[in-house]
Amino acid sequence: MKDKTNAPAHDLKHLDASLRDDVRQLGWLLGRVIADDRGEPFLEGIENIRALAKDARTGGSEQWTALSRFLADVPAGDMVDVARAFNQFLNLANIAEQHHLTRPHRDDGELTLPEDKRLEETLAALDIELVLTAHPTEVLRRTLIQKYDAIAAVLAERDQHPGGDSEQTLRRLIAEAWHTDEIRQARPTPQDEARWGFAVVESSLWDALPRFMRELDEARAQRGLPPTPLDAAPIRFATWMGGDRDGNPNVTAEVTAEVLMLSRWMAADLFLRDLEVLLGSLSMGACNEELTAAVGDGAEPYRELLKRVRDRLLRTRDWAAQLELRPPADADAVYLTSEDLCEPLALCHRSLMASGMAVIANGPLLDTLRRVAAFGVHLVRLDVRQDAARHTAVLDELTRYLDVSQNGTGYADWPEAERQQFLIAELDNRRPLFPAHWPVSEEGAEVLATCRTIAQQNGAGIAQYVISMAAAPSDVLAVILLLRESGLTSNLPVVPLFETLADLEGAAASIDALLSIPWYRDYVNDYQQVMIGYSDSAKDAGQFAAAWAQYQAQERLVEVAQRHAVRLTLFHGRGGAVGRGGGPAQAAILSQPPGSVAGSLRVTEQGEMIRWKLGLPELALQTLRRYLSATMEATLSPPPAPTQEWRETIASMSQSALASYRAVVRDDPNFVALFRSLTPEQELGILALGSRPSRRKPTAGIESLRAIPWVFAWTQVRLMLPAWLGTDTALHESVEHDETKVLKEMLDWPFYRMQSDMLEMVLAKADTTLARYYAERLTDEPQRKTVAGLCERLAGLTEDLLRITGTPHLLANDPTLEESLHVRNTYLDPLHLLQAELLARWRDKSMDQDAVEQSLQVTMAGIASGLRNTG
């Protein structure tokens, strides 16, 4: 890094020239910044570490030993900055790659629509909702994200206008990042997380959404269709930030109420900015009779009406700033509904169109109308999520207090049929069930307070109530009863989330039973939503068995919905990592069972994936295109159902994978100890990732550990266990049984192809040399033997997969990604070795704990950034 020629150009031979140049320059500038701060000798030390890491990659054990010894000799006072240097390079490489994806020649191209006689009908019913979740997988502070976005903006500006002082600006921004602490000193609150979500809308989606809608209207015009109606929103946004209380005691009813009002405040503030633009541009006098009737005679009727809108938005923002859910005494003085805000803006649009000024009507005014349709007065609607057991506990307390059974038992003791009978009877009963005052527990009181918060605005701003760990019809009916008893009169969607393998297998039966209840059928009005859990099912059963269970559950749910003649929307709770259902959105949608998309889709966007896919306007625009294109394709041209032979093959493989996975994770009594010794799972608590605790319950086993830290911990040591364990056994047995031919044929099945592609990517990111190094430094002899066995299994899986795909090595069909990982490894390897050393020192307390803690935090963040997913 001492000069531009010293940047690792030889490592970038397969990368696009423009991307290669950006990586070189950013790396060189980082070197200059480090030298300015720590001096040339320190920078030379960093270069020596990088050179040793590169040699270790191409050499053998002697080179690894040399690198390990060099890092072990790093003075304690330098460890933090050594880790930070490699961390910062990886973040800058991410910026370069992210920017490269937005370059015009890399773009997917403008949106196109298929030729199909059902096109207009399908577009009219299209309903895609992206749900931003508060899962704590984003390791970067918002302060640094803003600086990195600024660097990306400079790269984009330089592409459009070469020359100038872009290098000096980049150097300044990199220096700002270098001199900023990249680790949060305190966990974010749920309100902080919500504000981060609002910032994504403000900085990216607010611009991208109307641009996307313009592309969609152009694509419609190419197919002879009129523009999208002004009040239609084929893609909308929701959030879990501030509403997801499953296992998170920090999300209270009070927090949810505050977030609802913060969301209204942000929406009003953004629309006020739009209004200033519109007031400046809509100065014309010609208008239709409808507008004249609304504002009277005047020289500038549009401005007259828009001033009223602005004044009402100002009052709305002032009201929201008070964080009081109760509407003001003069409710008409503020905007409570999106329809109220849309009406005057749509009136302006109609008048301009009628007055021959379509070009003006379809300018910034149309963009604002598109934002009203997609974001509305709530900006993003909020999901409320709670564990089914919490609702059961409340009803158990109540029924025991009221002695409903008259035999000393409570709701929790009753069989499912008795629960359903009780719930339906109470839902049909007009008298209140809950006493005004009764000795409810603190946990029960919080559940009821949340229901009252939802009821206070009759569900306004709430998208749905999600029930995690749902298993039976009574789980859904119980929530509806609690909401009704709290005063809610609207029919808020109550959505069961089926997460474990057993619950996925029983999902269709549960929904079938619910839809067979006349009262419930009337409640849902022929529209049913179901959430499929990817994270916990993969932790419960292993990735392969969980994926097949999810596929089958969706097939059965589609059959149930068709039999009951109800519309079905499946809500996919996917994570960023493969071990939590992650993967490219377009491939994921097209790999769903035929008939399961049908024009509607709901999916979570989690953690760092929000930034990679939605964090910049150009990235967001590409993401919206992909979601719409894939949803349309899956609806109009769904993939064929798998053949019976394929079903039998994958069913057998799934059983084998499940048994193999659970034999290690559940049945091996030494596994938990190995997990804790080998990985930084116990130390993750010092990395202030998010507002939610890493465990649902304060127990020691794997079962209570959340899927995110479970995947995060294995990713840090590069064993990637959750994404492949069990699959190795299933694939090897199939190969041994001469089923290679059918497995090759199954690559034509989008579902299996995606499983194979994601497995290949995981195997490319896994590194048994590093995993063995962690084991050597942190575990005892029996544990090292276990890790060695796991590494051998992973190597065998790689051989079997390549035999099936017919490729010479991993990522042979994606040399750009292959080279990108190769470059990153040069910077990741020192972080891994440092982390192993630091974990050892942390655990034996052989070094100042504050220094170890800070250095350890930096290595965790750097490895997560370098691999571009955490959990």
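Reply: Happy to; we'll talk about confidence, strands, a helix and some aromatic rings.

Me: What's the average pLDDT of the protein chain?
Reply: This is a predicted model, and its protein chain averages a pLDDT of 90. At least 70 is the score for 93% of the residues.

Me: And where does pLDDT stay under 50?
Reply: One such stretch is residues 1–12, which have 35 contacts beyond four places in sequence in the model. Over residues 577–582 the pLDDT is also below 50, and that stretch has 36 contacts beyond near neighbours in sequence.

Me: Which way do E1 and E2 run, and how many bridges join them?
Reply: They run parallel, with 5 bridges joining strand E1 (residues 127–133) to E2. Within that pairing, leucine 130 stands opposite phenylalanine 237 in E2.

Me: What about E2 and E3?
Reply: E2 also pairs in the parallel sense with strand E3 (residues 381–387), over 2 bridges. There, threonine 239 has leucine 382 in E3 as its bridge partner.

Me: Going on from E3, how many bridges does it share with E4?
Reply: E3 and E4 pair over 6 bridges, in the parallel sense. E4 then pairs with strand E5 (residues 494–498) over 3 bridges, in the parallel sense, and isoleucine 467 has proline 496 as its bridge partner in E5.

Me: How many residues of E4 are buried?
Reply: In strand E4 (residues 462–468), 7 of the 7 residues are buried, so this strand is largely enclosed by the rest of the structure.

Me: New topic: helix H7. What span should it have, and how far apart are its ends?
Reply: Helix H7 has 13 residues, 166–178, which at 1.5 Å a residue should span 18 Å. Its end C-alpha atoms are 18 Å apart, which agrees.

Me: Which residues of H7 are buried, and what covers them?
Reply: The buried ones are Ser166, Thr169, Leu170, Leu173, Ile174, Ala177 and Trp178. Their cover includes helix H1 (17–38), helix H4 (76–101) and helix H6 (142–160).

Me: Now the rings. How many aromatic pairs are there?
Reply: The whole structure has 26 aromatic pairs. One of them joins tyrosine 551 and tryptophan 749, edge-to-face, at 5.6 Å centre to centre with 85° between the planes.

Me: Which parts does that pair tie together?
Reply: Tyrosine 551 lies in helix H21 (residues 543–564), and tryptophan 749 is in the loop between helix H30 (740–746) and helix H31 (750–765), so the pair ties together parts that are 198 residues apart in sequence.

Me: Are those two buried or exposed?
Reply: Tyrosine 551 is buried, at 3% relative accessible area, and tryptophan 749 is buried too, at 2%. Both belong to one aromatic cluster, formed by Trp548, Tyr551, Trp646, Trp749 and Phe751.

Me: Which arginines lie over rings?
Reply: Among them, arginine 38 lies over the face of phenylalanine 42, 4.3 Å from the ring centre. The charged end of arginine 419 sits over the ring of tyrosine 411, at 4.8 Å from its centre.

Technical notes: Residues are numbered from 1 along each chain as its sequence is written. This is a predicted model: local features need pLDDT of at least 70, side-chain atom pairs count only at pLDDT 80 or more; totals for chains, interfaces and linings use all residues. Side-chain values use heavy atoms; hydrogens and water are left out. Two strands pair if DSSP finds at least two bridges between them. Helices (H or I, at least four residues) and strands (E, at least two) are DSSP runs, numbered from the N terminus. pLDDT is the predictor's confidence in each residue, from 0 to 100. Contact means heavy atoms within 4.5 Å. Rings of Phe, Tyr and Trp (its six-membered ring) pair if their centres lie within 6.5 Å; planes under 30 degrees apart count as stacked, over 60 as edge-to-face and the rest as tilted. Buried means under 20% relative accessible area, exposed over 50%, partly exposed in between (1.4 Å probe, protein chains only). A charge sits over a ring if NZ of Lys or CZ of Arg is within 6 Å of the ring centre and within 35 degrees of the ring normal. The expected span of a helix is 1.5 Å times one less than its number of residues.
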